[in-house]
Amino acid sequence: MPGSPLWARVAPPLLHHSECYKHLGDWYLANLFGNLHAQQDWDLFAPIPLNAKIRTRSTIIDRYSKRGRDYVVNETDCMLASDGRLLVRGRTYQSFLPPRERQAEAGFVVDEQSARKKEPRAAFPTATGPDLPTLEKQVDARRCWMFSGPGKNYHTDRDQALKLGFPNIVVQGMMSTCFVAQLMQDAFGMGFIEGGRLSLKLTNVLWVDEAIRVHGKQRESVREGTRERVHCDVWIEKL
C-alpha cells in the first residue's frame with residue numbers, strides 16, 4: 001500500500017512457520033504419544049518478497065536425551081527459488097516420550113494440574129530497559145483451525161488430542177513464536193525482518209480458549225558491524 005512502511009509491504013517473516021512439519025515421517029520418532037514442541041529458534045536474513053516463489057530445505061542437525069525425553073532438532077531453511085538466497089532459518093526442537101513411558105489410557109501426559117507442579121524456574125525477565133508495547137491474544141478453536149488446519153489433529157480437535165495424551169486442544173507452539181515475532185516487528189520494523197533473531201523456550205502448554213499477553217523488555221544495545229543490535233527479553237503470560 002503506498003505510503004505504508006516498507007515492512008508492511010513484504011510478507012510476514014514467519015509466513016512459512018510450519019514447513020518442518022510437512023513431512024513428519026522423515027524425522028519424527030515413532031512414539032507420538034505426548035510429543036511436544038520444546039524450543040524454537042529463528043534467524044531472519046532478508047524480507048520475503050510478495051508473490052515470490054519460495055523453496056525450503058530441512059536437515060536434522062541434532063538428537064539427544066534430556067530429563068526422560070528424546071529430542072530431535074530440525075533446521076529448516078526458507079530460500080528464494082530464483083537464486084537460492086537464504087531468507088529465514090528455523091530450528092525446531094521436538095521432544096518425545098520413550099515408548100516405555102506411554103501413559104495409561106486414562107492418564108494425561110500433561111494437564112493444567114500437572115503443569116502447576118513444575119519446578120520453579122529462574123527469575124525472568126532480568127532485563128531492566130524500556131518495555132515494548134504489549135500484545136493481547138485470545139486463542140479460540142477457530143484461530144487454532146486457521147493456524148494448524150484444515151485437517152483434524154491435536155492442535156485443532158479435542159478427540160485427536162485425547163489420543164495423544166492431552167485433555168484438550170493443544171495450541172501449536174509455532175503460534176506463540178509468531179506472536180512474539182509480531183511484537184518484535186511492530187517494535188523494530190525492517191531491523192527485525194532483515195536481521196532479527198529469536199530463541200524461545202516453550203515452557204508450558206497453551207490450551208484452546210486461553211488468553212495471553214506478549215511482553216518485551218530491552219536488555220542492551222550493542223554494536224554489530226555498521227548497525228546496532230537491541231537485545232530483548234520476551235515472554236508470554238496467560239491472563
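1. Where is Thr59 found? Thr59 sits in strand E2; strands (E, at least two residues) and helices (H or I, at least four) are DSSP runs, numbered from the N terminus. Thr59 counts as partly exposed because its relative accessibility is 39%. For that scale, buried means under 20% relative accessible area, exposed means over 50%, and partly exposed is in between, with a 1.4 Å probe and protein chains only. Leaving aside neighbours within four places in sequence, Thr59 is in contact with Val73, Asn74 and Glu75, where contact means heavy atoms within 4.5 Å. The C-alpha atoms of Thr59 and Trp27 are separated by 9.1 Å, and these two residues are 32 apart along the chain.

2. A word on what you are looking at. This is a predicted model, in which local features need pLDDT of at least 70 and side-chain atom pairs count only at pLDDT 80 or more, while totals for chains, interfaces and linings use all residues. Residues are numbered from 1 along each chain as its sequence is written, and side-chain values use heavy atoms, with hydrogens and water left out.

3. Now the overall picture. The chain has 5 helices and 8 strands, and along the sequence they follow the pattern β-β-β-β-α-β-α-α-α-α-β-β-β. Of the 239 residues in the chain, 46% are buried. If you take contacts between residues at least 6 apart in sequence, 72% of them join residues at least 24 apart. The chain exposes about 13600 Å², and carbon and sulfur atoms supply 50% of that; accessible areas come from the Shrake-Rupley method with a 1.4 Å probe, and for residues only the protein chains shown count as cover.

4. On to the salt bridges. Side chains of opposite charge can pair when their charged atoms come close. A search of the whole structure finds 16 salt bridges, each one a side-chain nitrogen of Lys or Arg within 4 Å of a carboxyl oxygen of Asp or Glu. Which residues are linked in a network of salt bridges? They are Asp41, Asp43, Arg57, Glu75, Asp77, Arg89, Arg91 and Arg197.

5. Arg89 forms a salt bridge with Glu75, and their closest N and O atoms are 3.7 Å apart. Arg89 lies in strand E4 (residues 86-96) and Glu75 in strand E3, so the pair ties together parts that are 14 residues apart in sequence. Arg89 is partly exposed at 23% relative accessibility, whereas Glu75 is buried at 17%. Glu75 also meets Arg91 in a salt bridge (3.7 Å, N to O). Because Glu75 lies in strand E3 and Arg91 in strand E4, this pair ties together parts 16 residues apart in sequence. Both Glu75 and Arg91 are buried.

6. Arg89 has another partner. It forms a salt bridge with Asp77, the closest N and O atoms being 2.6 Å apart. This pair links distant parts of the chain, with Arg89 in strand E4 and Asp77 in strand E3, 12 residues apart. Is Asp77 buried or exposed? Asp77 counts as buried, because its relative accessibility is 3%.

7. You will find Ala46 in the loop between strand E1 (36-44) and E2, and it counts as buried at 11% relative accessibility. Its contacts, leaving aside neighbours within four places in sequence, are Arg85, Leu86, Leu87, Ile193 and Glu194.

8. Some backbone details in the loops. Asn51, in the loop between E1 and E2, has a phi near 70°, a positive value in a residue other than glycine. Asn51 is exposed, at 84% relative accessibility. Asp209 has a positive phi of about 75° although it is not a glycine. Asp209 is found in the loop between strand E6 (197-201) and strand E7 (210-224), and it is exposed with a relative accessible area of 52%. A cis peptide bond joins Gly149 and Pro150, with omega about 10°; Pro150 lies in the loop between helix H2 (141-148) and helix H3 (158-163).

9. Last, the surface. Arg67 is in the loop between strand E2 (54-66) and strand E3 (69-80), and it is exposed, with a relative accessible area of 77%.
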